[in-house]
Amino acid sequence: MFNKRVIPTLLIEKGKLIKTENFKSPIYVGDPINVAKIFNEKQVDELVIIDIGSTKLGYPPDFELIGAIASECFMPVSYGGGIKKYEDAEKILRMGIEKVIVQDMALNNPQEILKITEVFGVQSVIVSFDVVKTKQGEYCLYARNGMLKRMYEKKVPVLSKIKLLDSIGVGEYLITSVEREGTLKGLDLNLIKSTSNGTSSPIIYAGGASDLEDISKAFSCGAHAVSAGRLFTLHGGFKAVLVSYPKRSDIKSILNDKL
């Protein structure tokens with residue numbers, strides 16, 4: 001049985017920490033290293049860091065920044081963004097990052113994932129899928145880097161890709177609802193119910209987490225972990241920057257025996 005986790009997600013673009021809504025309209029949040037230090041103090045379960053700028057704009061991983069973050073963080077850190085080949089992943093993992101998060105590699109060159117897992121183990125790779133819901137109610141792949149038409153018009157079901165990658169060996173998945181990302185409208189519980197039993201690997205769900213009660217419902221629906229960005233970095237209708245994370249006792253009191 002997998003431990004339940006509540007994970008802050010930090011989005012980076014050109015070295016700056018930002019927060020988006022539906023992966024659009026970025027708001028500057030601060031310096032990623034400073035925010036990582038705050039999460040250190042708050043004793044978070046782990047931290048997810050994704051450089052969405054490297055995916056959108058095509059620049060390679062910022063290895064200097066990644067190394068600085070790895071040296072500052074006491075908790076396990078997962079990093080994604082700009083990882084195109086095995087050598088990128090190897091460099092990042094040897095810096096002290098616990099897991100690499102890959103998306104393009106999973107869609108276009110999944111054999112590179114096999115190279116990573118053979119050296120570092122299946123637990124070292126998280127495959128990230130951004131999904132949208134079709135009019136027919138099916139969850140299909142969405143890509144933020146210009147592949148939207150190619151992937152979405154084909155209406156590739158997320159579960160079909162998960163089954164393919166399971167055959168290669170993937171330690172974990174991160175599934176984000178694009179339509180709910182950064183909205184605080186609540187996690188897509190139907191998405192969780194329809195995908196959580198589709199693999200023996202744990203799945204992290206992201207997109208729309210509004211509060212601990214919402215996260216508790218996600219665990220009841222089959223989530224192994226929930227990742228949230230806006231909930232832990234912005235406050236109120238004016239989206240004022242406020243880095244926060246609930247006390248462990250508060251999480252346990254709401255989730256009861258789900259942790």
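Predicted model: local features only at pLDDT ≥ 70, side-chain atom pairs only at ≥ 80, totals over all residues.
The lining of the largest cavity divides into nine nonpolar, nine polar and five charged residues. Residues are numbered from 1 along each chain as its sequence is written, and side-chain values use heavy atoms, with hydrogens and water left out.

Back to the cavity. Its volume is about 230 Å³. A cavity here is a set of points, on a 1 Å grid over the protein atoms alone, where a 1.4 Å probe fits but cannot get out, and lining residues have an atom within 4 Å of a point. Grid points are joined across faces, edges and corners, and the volume is the space filled by probe spheres set on the points. In the largest cavity, K19, E181, A206, G207 and G229 are the closest to the centre, out of 23 lining residues. Two or more lining residues come from each of strand 1 (5-13), strand 7, strand 9 (172-177), strand 11 (225-228) and helix 11 (230-233). Helices (H or I, at least four residues) and strands (E, at least two) are DSSP runs, numbered from the N terminus.

The second largest cavity has a volume of about 180 Å³. It has 14 lining residues, and T55, G81, G82, I101 and Q103 lie nearest its centre. Strand 4 and strand 6 each give at least two residues to that lining. By type, the lining of the second largest cavity holds four nonpolar, six polar and four charged residues.

Next, helix 6. Which of its residues are buried? They are E112, I113, I116, T117 and F120. Buried means under 20% relative accessible area, exposed over 50%, and partly exposed in between, with a 1.4 Å probe and protein chains only. Those residues cover an arc of only 135° around the axis, which puts them on the same side of helix 6. The arc is that of the directions from the helix axis to the C-beta atoms. The buried residues of helix 6 pack against helix 4 (86-94), strand 6 (99-102), helix 5 (104-108), strand 7 (125-133) and helix 8 (158-168). Contact means heavy atoms within 4.5 Å. Just after the helix, G121 has a positive phi of about 95°.

E112 sits in helix 6, residues 111-120. E112 counts as buried because its relative accessibility is 8%. Its side chain makes a polar contact of 2.7 Å with the side chain of K115. A polar contact is a pair of N or O atoms within 3.5 Å; within protein, one must be able to donate a hydrogen and the other to accept it, and residues adjacent in sequence count only if both atoms are side-chain atoms. Not counting residues up to four places away in sequence, E112 touches K85, Y86 and M105.

Helix 8 is next. Its buried residues are V158, K161, I162, L165 and I168. Seen down the axis of helix 8, they fall within an arc of 105°, so they line one face. The face turned away from the buried side carries the exposed residues K163 and S167. The partners of the buried residues of helix 8 are helix 5, helix 6, strand 7, strand 8 (139-142), strand 9 and helix 9 (189-195). L159 also lies in helix 8, and it is partly exposed because its relative accessible area is 26%. Neighbours within four places in sequence aside, L159 is in contact with S194, T195 and G198. After helix 8 comes G169, with a positive phi near 115°.

Last, two backbone entries. N22 has a phi near 55°, a positive value in a residue other than glycine, and is found in the loop between strand 2 (16-21) and strand 3 (24-30). Q43 also has a positive phi near 55°, in the loop between helix 1 (32-41) and strand 4 (47-51).

Conventions:
1 Å grid on protein atoms, 1.4 Å probe; cavity = no way out; pocket = protein on both sides within 12 Å on 5 of 7 lines; lining within 4 Å. Nonpolar A, V, L, I, M, F, W, Y, C, P; charged D, E, K, R; others polar.
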